[in-house]
Amino acid sequence: MPRSRSSSTRFAPLVRPTGELALIDYIRQRAAATRRGSSAVRLGIGDDAAILAPPRGHEIVVTTDMSLEARHFRRDAHPARAVGHRTLARGLSDLAAMGARPLAAFLSLAIPRSFAADPVDSHWLNEFLDGLFALAATSQAPLAGGDTAESPSIHVLADIVLLGAVPSGKALRRSGASPGDRLFLTGSLGGSAAELATLTVSSVSSESSVMPKSRVPHSSAASLRMSGVHTSGAHPHLYPQPRLAAGQALLRRNLATACIDISDGLSTDLAHLCAASNVAAEIDAASLPIHALARASGEPSALRFALHGGEDYELLFTASPGVSIPRTLGGVPLTCIGSILRARRDQPTMTLIEAGGIRTPLEPHGWEHLR
């Protein structure tokens, strides 16, 4: 992951959070570094509420995302830095899909009482904050507040609230696609699901070739202690990179008619876009940019990872047929994967075009809580 001047600041680790006030003070000190150069945060951690100053002529975009231990991550599986990174990345991807620029982040964190006594748990907390603050610095998303509490269970709970800014009336939305539009994707698909599968001790279970989003299997800690550069290419599941620059460029250059982030799987999120725009869509399977990790799993797993795996955090967007779309945007490759059609009752909402021109209905089989 690229380093910035803010992320290079060194902080002595919190030996252990001996009380909530000590933890808040430690977070406040670290958060101050993420606010350097920010004109939006007038007052951050230390008072009853934060004070923000949004840019003139802009609207505020707000999103929130929970990260729950045993649902979105496991402490005996995911490296703590990755958990902190992912906690923030999930919300940043929502801002990217709206074409927004981050203004401020708010973290609510509940930790078990054991964190006040166990040095191993204290180390985990330090690593979690390292991952979160590193991404906050590189994405210019200053931490301006939040809340801390003792978890009622043995599990960690983290909730991130993000505020962004977009020019008034210009935010990218899911509802602008029209028949005849082309369907584009940033980056590649299937890498996150494929990496998650490799984090298991055994191979993917015979019950499903796709490990659903948030269902993290038991794994040996040794198999997950990955080192080296943390990039979306190397570790798309552990260190996803929100496409903020691409989303802002789509908005600024007026390239997209509709946009959504691929967090629950291409099939599920495309269904959301179609429903919001009241359109249908067809996808060319041969055009899908499948991540190398997914391709290594072989067919048909690679295609299932790409269509349904989820947590790729890429942007799926539509563009008018007369608009010239560049090959890359914000340093990320763009791929045309299909087109938008008129919705008809006698035809499926989504169609997958496979080898030989065979068309089959595409059902949304990505992640959905409570299903």
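S67 has a relative accessibility of 4% in this predicted model, which is under the 20% cut-off, so S67 counts as buried. The residue belongs to strand 3, which spans residues 58-68. Beyond its neighbours within four places in sequence, S67 is in contact with H72, F73, T87, R90, V156, L157 and A158.

Burial extends over a whole element in strand 8. Five of the five residues of this strand, residues 258-262, are buried, so the rest of the structure largely encloses it. Strand 8 pairs with strand 10 in the antiparallel sense, and five bridges link the two. Within this pairing, A258 is placed opposite T318 of strand 10.

Helix 1 has buried residues on one side. Its 15 residues, 20-34, reach 21 Å from the first C-alpha to the last, close to the 21 Å expected at 1.5 Å a residue. The buried residues of helix 1 are L23, Y26, I27, R30, A31, A33 and T34. Because they cover an arc of only 140° around the axis, these residues lie on the same side of helix 1. Where does the cover over the buried residues of helix 1 come from? It includes strand 4, helix 3 and strand 5.

The elements named above have these residue ranges.

| Element | Residues |
|---|---|
| Helix 1 | residues 20-34 |
| Strand 3 | residues 58-68 |
| Strand 4 | residues 101-111 |
| Helix 3 | residues 119-138 |
| Strand 5 | residues 143-150 |
| Strand 8 | residues 258-262 |
| Strand 10 | residues 314-319 |

Definitions and conventions. Residues are numbered from 1 along each chain as its sequence is written. This is a predicted model: local features need pLDDT of at least 70, side-chain atom pairs count only at pLDDT 80 or more; totals for chains, interfaces and linings use all residues. Side-chain values use heavy atoms; hydrogens and water are left out. Buried means under 20% relative accessible area, exposed over 50%, partly exposed in between (1.4 Å probe, protein chains only). Helices (H or I, at least four residues) and strands (E, at least two) are DSSP runs, numbered from the N terminus. Two strands pair if DSSP finds at least two bridges between them. The expected span of a helix is 1.5 Å times one less than its number of residues. The arc is that of the directions from the helix axis to the C-beta atoms. Contact means heavy atoms within 4.5 Å.
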